[in-house]
Each structure stands twice: as structure tokens, then as C-alpha cells.
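I opened my notebook to look up one residue and then the chain around it. Here is the model I had on screen.

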Amino acid sequence: MLRIMLRRTLSAIPLLLALSLFVFVLLDLMEGNAARAAAGENATAEDVAAASARLGLDKPLLVRYALWLGNAIQGDLGQSLLSSQSVSSLIMERVPVTLSLALVTMIIAILVGIPLGVVAALRPNRPLDRVVTGIASILMAMPPFVVGLVLVLVFAISTTLFPATGYSALGESGFGEWLNHLILPAIALAVISGAELARQTRAAMVDTLGMDFVRTARAKGLRSPMIIGKHGLKNAGVPIVTVLGLQAGRVLGGAVTVEFVFALPGFGSLAVSSVNQRDIPVILGIVMVSAVGVLIVNLVVDISYGYFNPRLRS
């Protein structure tokens, strides 16, 4: 298992390097001028040139990338072009909000998606199975920001059950207020993830429950909860946890729009403001931290395969 972890970690290094270079080049081609944004709206050509030289934007692309990469390896992601604040500190201020949102989102998706998938798999091709599959297919086509706007209209404006915007830190106002501000955006993000999880759980469970060892367990008189939990879900665990790992990237991507809709001061809203202001170091930092987070989740998923399938441990 340790060898697998080491191999996965080492294979992530060239991937991160390729991703950083791709994003660096892409940002260089982005419409707009970061030096002009840093110099101000009424800046003259001389002011823009001075800002470009001060920020190092007058150097060749590969030179700028090499300088950035050398600092990033040492943990220095640079400074914001506009606020001169450390990119690392900017990101660390926002990470708890996005991690909280992602945590609540995944809990909702798991608590709803897996049970629905199991229920549908117990009666395949029956009315309940068709209803669950149909609803899941519809929900997968709904963008999170659209779901978020509907939730705001119904539960924050019409009924005022939940706040429409804002965030309350867990350590400041307690668990209740923290969850109260996260429940609507988390549901908006969990709709697609829960629907995908329900479909994949249903498919995996149908295959597993039709295998010979399950028929043998039933013939021996084992109770249904034991068959579903110990034999069914565990043997269907590999595709289920794979989908869970894939949803981590989807949640981070969806957080960009959902945090904007609910005015959450998280990772996503920082990304939107940085793109609008052409703040290249902050955008790069956000992309790389997100990539590392997704790679860590994938590593955890790979490790979990050994529990569901002992043959994969070697």
C-alpha cells in the first residue's frame, strides 16, 4: 500500500508541472492587461510601462514561468498584483469557507444519493427504480447556480427559512448558524453530485446483487440488511468511491458560481474577482491549490480501493 501511495504521489508531479505551464500560457493569452489594471483606470502609457516593469511582466513568458515555479516550489505563490497581499494568505482566508461548503455538500450527496441508489437497485426496472432514475437524470442536467437561485426565491425570500447570502464562521456563532448559512448553497451543489451518485450506486448494486455469491448468501438465510450492507455495498464500493472522488472536482468547479450567487467569501468568489481584475498570481495560486486538493482526494480514493478489494493492496 505504501508503494502505491508513493507511486501515485510521484506521478502527480509531472501532471502539476504540465497544468501550471498550461494555465500560465493560457493566462498570458487572456484578454486584458494586468499591468494596466494594476496601474489604474486613468494611467498613462508610461504608468502602464512602469507597472509592467515593476511586476516583471515585461520579461519573456518562459522566464516569468521559471521564476514563478521556483518560488512556488518553495511555497511562495507570489503577491497579488492589485492588493500586494500574499497569494497564500489570500487563499488561506478563503479556504475554510469552500471546504465547509464542500463538506456539507458531500454529506448531503452521500446521505441522499447512496440510499436512493440502493432502493432503486433492490427492484430493478420496477416503477420505483424508473422514478429514481428519471429524477436523477433530470437533476443532473440542472446547473447548480439555477438551483441556487430557485432555492433563494423559495426558502430565503418567500419563506425566510434560511439566509439568502453571507457566511457565519463555525468558531464565531456556533454550529447552528454555520450550517444555516451553508445549507442552501450545499443543496444547490449536491443536486448533481447526489443524482450522479444515485445512478452509479444503482448500477453497481444491480450488478453485485445479481452475482452468484449473493444468491448463495440468500440461500443460506442471511437477512437482507446483511446481504445489502456486508456483501452488496462493500463489493460495489469501488465504483461508488470512484464517483465520490470525481465529485470533489465538480464541487470545486461548481463553487465558483454558487458562492457568487450566495455571496459566500470562499474560493470561488475569489476566483471570479481575480479573473475580472486580471490578477494572474492569484488565479495561478487558486488553480494549483485546487489541483493539489483534487489529487489528494484521488489518492485517498485509490487507497480506499484496498479496503473494498483486497487484491488491489499488492
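This is a predicted model: local features need pLDDT of at least 70, side-chain atom pairs count only at pLDDT 80 or more; totals for chains, interfaces and linings use all residues.

For the element names I used DSSP runs, numbered from the N terminus: helices are H or I runs of at least four residues, and strands are E runs of at least two. I looked up Ser269 and found it in helix H13, which covers residues 267-276.

Residues are numbered from 1 along each chain as its sequence is written, and side-chain values use heavy atoms, with hydrogens and water left out.

Is Ser269 buried or exposed? I noted it as buried, because its relative accessible area is 17%; buried means under 20%, exposed over 50%, and partly exposed in between, with a 1.4 Å probe and protein chains only.

Next I checked the polar side of Ser269. Its side chain reaches the backbone oxygen of Leu264 at 2.9 Å. A polar atom of the Ser269 side chain also lies 3.0 Å from the backbone oxygen of Gly266.

Which residues does Ser269 touch beyond its neighbours within four places in sequence? I listed Arg94, Glu259 and Leu264, taking contact as heavy atoms within 4.5 Å.

Then I stepped back to the protein chain. I found 14 helices and zero strands. Of its 314 residues, 38% are buried. Among contacts between residues at least 6 apart in sequence, 72% join residues at least 24 apart.

Notes:
A polar contact is a pair of N or O atoms within 3.5 Å; within protein, one must be able to donate a hydrogen and the other to accept it, and residues adjacent in sequence count only if both atoms are side-chain atoms.
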